[in-house]
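Please keep the structure open beside you as you read.

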Amino acid sequence: MKSPHQLLTARESVKTAQDLKDLSPWIERFRKDNGRLPKILHIGNVANNAYNNAKLLNARGIPCDVICYDYYHIMGCPEWEDADFKGRIKDQFHPNWRRVNRRGFKRPDWFAQGPLWFCIQYLLAKSQGHRARKGIFRFVCQLPHCQAYFLLNALFKIRSIIAKMLRYNLSDILAPRFSLKHSPFVSATWPFSLIPISILLLFFGLVLSLIKIIGWFLKPMTSMVWSWGAYYRSKQDSIEAFDKRVHHLIEQYKACFPDRSDPLTPSDFAGYRHWYSAWSHLISRYDLIEAYATDTIHPMLSGNRPYIAYEHGTIRDIPFEDSALGRLCALSYRLANTAIITNPDCATAAKRLNLTSYLYMPHVLDGKYHNLTGLYDSPNPLILTQPYIFSPSRHDWAIKGNQHAIQGFALFARKYPEYKLVLSKWGND
């Protein structure tokens, strides 16, 4: 019987949805033990790797969700992969898909892209079967990123006000000069503190009446607002759990990398404290996590589910940097149940990290790339009649290093002038 990580990265070809000879034994065993199919969460979506992997697994009967948070690059959008869209995308880092003709393509409901908080709320509503909340957050996640962030900021301001009301006396918020909280006796000014309180109570009465009248529509939103109160009441427990987990990971870092001169410290985790509780809650809804690039840090921090680390050039340099990200990335790959190496040159990095379990696998491509009809029917005589070297990478020289290919070809062409260099018209440079 294969383990989950061996199963999900099996090299055997599965050509149809009915061909489940390699997958069905583990699926049926899981279904028998748990009364349902296993659920997998993919975190991160650089170059649509998570989208492609999840799409393949969903088609083979394994439920998968993808969370692509705070990342909107055109190659991290399902439309780039599956929509034969017509039109021009002006900003490749924040594409507005509503301005092009997507020819009927609709994003699958298992793919969440947008601000992190909205993505988490959407997937939680989906996993809990809340159809109304799921619909609301799905709509928000599909808004252009600028509109989604504007709405997110507005909601956080509302949450801040509610938090203050839960923490302090209303008189401290509305009329601090006339607060009765610290008064040993009723002062002569106390009636003035009742004025804003009365106005507030009247306002809340009107709001509650309105909610009661149209409660069928506001139910998912009001339940979300009241859940914020529970969030603040449980915040202290979350902080204690986070600090305990940080201490444990620091000790594991010392054991895994005794020779490193840059120690892992509590301050390295500072940027993850705020979202720890939300990530842990979401991850606990799944049976296995497949995390891409440096998003392996989230399942490592939660510590409540097995996870696969999927690198696409990630471990080439990042884990060896003297930085918080470098140290956390190194530890997250070391503690992963297994790692998938997609770049051959990263095998050296995997050995340097002393990964206990990893395997080599190229990026998954689905069946539509098998059909190459028309590839050589181009009217371009350059491709038809002359040998050429094709460089498809976008021109972002700081990241891709295309300038080295151009300079190298210039030297090569002096000896072999019959060759041509074909570049893509794409990128900042």
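**A guided look at rings, charges and cysteines**

At a relative accessibility of 35%, D243 counts as partly exposed, where buried means under 20% relative accessible area, exposed over 50%, and partly exposed in between (1.4 Å probe, protein chains only). D243 belongs to helix α11, which covers residues 235-256; helices (H or I, at least four residues) and strands (E, at least two) are DSSP runs numbered from the N terminus. Follow the chain to F269, 26 residues from D243, and you will find the two C-alpha atoms separated by 9.5 Å.

A word on the ground rules: this is a predicted model, in which local features need pLDDT of at least 70 and side-chain atom pairs count only at pLDDT 80 or more, while totals for chains, interfaces and linings use all residues. Residues are numbered from 1 along each chain as its sequence is written, and side-chain values use heavy atoms, with hydrogens and water left out.

Now for the aromatic rings. Rings of Phe, Tyr and Trp (its six-membered ring) pair if their centres lie within 6.5 Å; planes under 30 degrees apart count as stacked, over 60 as edge-to-face and the rest as tilted. By this rule the model has 16 aromatic pairs. One of them joins Y51 and W110, which are stacked at 5.4 Å centre to centre with 25° between the planes. This pair connects distant parts of the chain, 59 residues apart: Y51 sits in helix α3 (residues 49-59), and W110 in the loop between α4 (78-82) and β3 (111-114). Y51 is buried, at 2% relative accessible area, and W110 is buried too, at 11%.

Compare that with Y416 and Y419, whose ring centres are 6.4 Å apart and whose planes meet at 85°, so this pair is edge-to-face. Here Y416 is partly exposed, with 33% relative accessibility, and Y419 is also partly exposed, with 28%. Ring pairs tie these two tyrosines together with F409 and F412 in a cluster.

Charges can sit over rings as well, which requires NZ of Lys or CZ of Arg within 6 Å of the ring centre and within 35 degrees of the ring normal. K39 lies over the face of Y286, 5.5 Å from the ring centre. R334 lies over the face of F257, at 5.5 Å from that ring's centre.

What about the cysteines? The structure holds zero disulfides, a disulfide being a pair of cysteine sulfur atoms within 2.5 Å. C256 is buried at 16% relative accessibility, and C346 is buried at 0%.
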